[in-house]
Amino acid sequence: MNDESSRSHLIFAIMIDVTNKINGKKTSGKISFVDLAGSEKSSKTQTDKEGQAEANAINQSLSALGNVISALAEGAKFIRYKESILTRVMQDSLGGNAKTLMFVNCSPSVYNDVETKNSLEYAKRVKEIKNNPTLNMETKAMQRANKTIIH
């Protein structure tokens, strides 16, 4: 509902690799900052046909992400990451060895109460994700093994 909005999701990832100079152990990590486009109703945005197609695509990817989040929160054996490009790109930030946090931008306006409530419910589901984050370390033995395999 913002005229200046790009009407898309944005993912900014920072990869971090650290090598301990004393013992040679490597530690790696990734921080992903994801700005999700809002799920908007066409009745509020009064968009044209092209804008409606964009909104439908955004809503579909958010729905797929919601399904993945719910499955992770419920501890499902199979997670449907392949339903959307968004969920495939975010897979390593959601499940397995990840710690997931969600910040929600809420509107104080009564006009946006449905969207705000939906965003808070979405964040509540994210809070329920239970992963087992561990330190990503590579020992010298692993480094040698990797070099042997590569060469």
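Predicted model: local features only at pLDDT ≥ 70, side-chain atom pairs only at ≥ 80, totals over all residues.
Contact here means heavy atoms within 4.5 Å. Of the contacts in the protein chain with a separation of 6 or more, 56% are between residues 24 or more positions apart.

**Entry 1, the chain as a whole.** I listed the secondary structure and found five helices and three strands in the protein chain. In sequence order the pattern reads β-β-α-α-α-α-β-α. I then checked burial: 24% of the 151 residues of the protein chain count as buried.

**Entry 2, α2 against α3.** Two packed helices are described by the angle between their axes and the distance between the axes. I looked up both for helix α2, residues 49-74, and helix α3, residues 85-94: the angle is about 30° and the axes are 10 Å apart. Angles under 35 degrees count as roughly parallel, so α2 is roughly parallel to α3. The crossing of α2 past α3 is right-handed.

Which residues of α2 and α3 meet? From α2 I noted Ser-61, Ala-64, Leu-65, Val-68 and Leu-72, and from α3 Leu-86, Thr-87, Met-90 and Leu-94. Sorted by class, this contact of α2 with α3 has seven nonpolar residues, two polar and no charged ones.

On the α2 side I noted Leu-62, Leu-65, Gly-66, Ile-69, Ser-70 and Ala-73, which meet Tyr-122, Arg-125 and Val-126 of α4. The classes for the contact of α2 with α4 are six nonpolar, two polar and one charged. Leu-65 is listed in the α2 contact with α3 and also in the α2 contact with α4.

Which residues of α3 are buried? I found Leu-86, Thr-87, Met-90, Ser-93 and Leu-94. They sit on the same side of α3, because they cover an arc of only 100° around the axis. An α-helix has 3.6 residues a turn, so residues three or four places apart point the same way. I next asked what covers the buried residues of α3. The cover includes β1 (10-19), β2 (26-35) and α2.

Leaving aside neighbours within four places in sequence, I found Leu-86 in contact with His-9, Ile-11, Leu-36, Ser-61 and Leu-65. For Leu-86 and Leu-65, which are 21 residues apart in sequence, the C-alpha to C-alpha distance is 7.2 Å.

I then took Val-18, which is found in strand β1. Is Val-18 buried, exposed or partly exposed? Val-18 counts as partly exposed because its relative accessibility is 46%, and that class lies between under 20% for buried and over 50% for exposed. With neighbours within four places in sequence left aside, Val-18 is in contact with Lys-25, Lys-26 and Thr-27. I also looked up the spacing of Val-18 and Gly-29: they are 11 residues apart along the chain, and their C-alpha atoms are separated by 8.8 Å.

Note on methods
Residues numbered from 1 in each chain as written. Heavy atoms only, no water. Axes fitted to C-alpha atoms, helices over the stretch in contact; angles between N-to-C directions. Helix = DSSP H or I, 4+ residues; strand = E, 2+ residues; numbered from the N terminus. Parallel < 35°, antiparallel > 145°, perpendicular 65-115°, else oblique. Left-handed = near helix turned anticlockwise from the far one by under 90°. Nonpolar A, V, L, I, M, F, W, Y, C, P; charged D, E, K, R; others polar. Buried < 20%, exposed > 50% of the residue type's maximum accessible area, 1.4 Å probe, protein only. Arc of directions from axis to C-beta.
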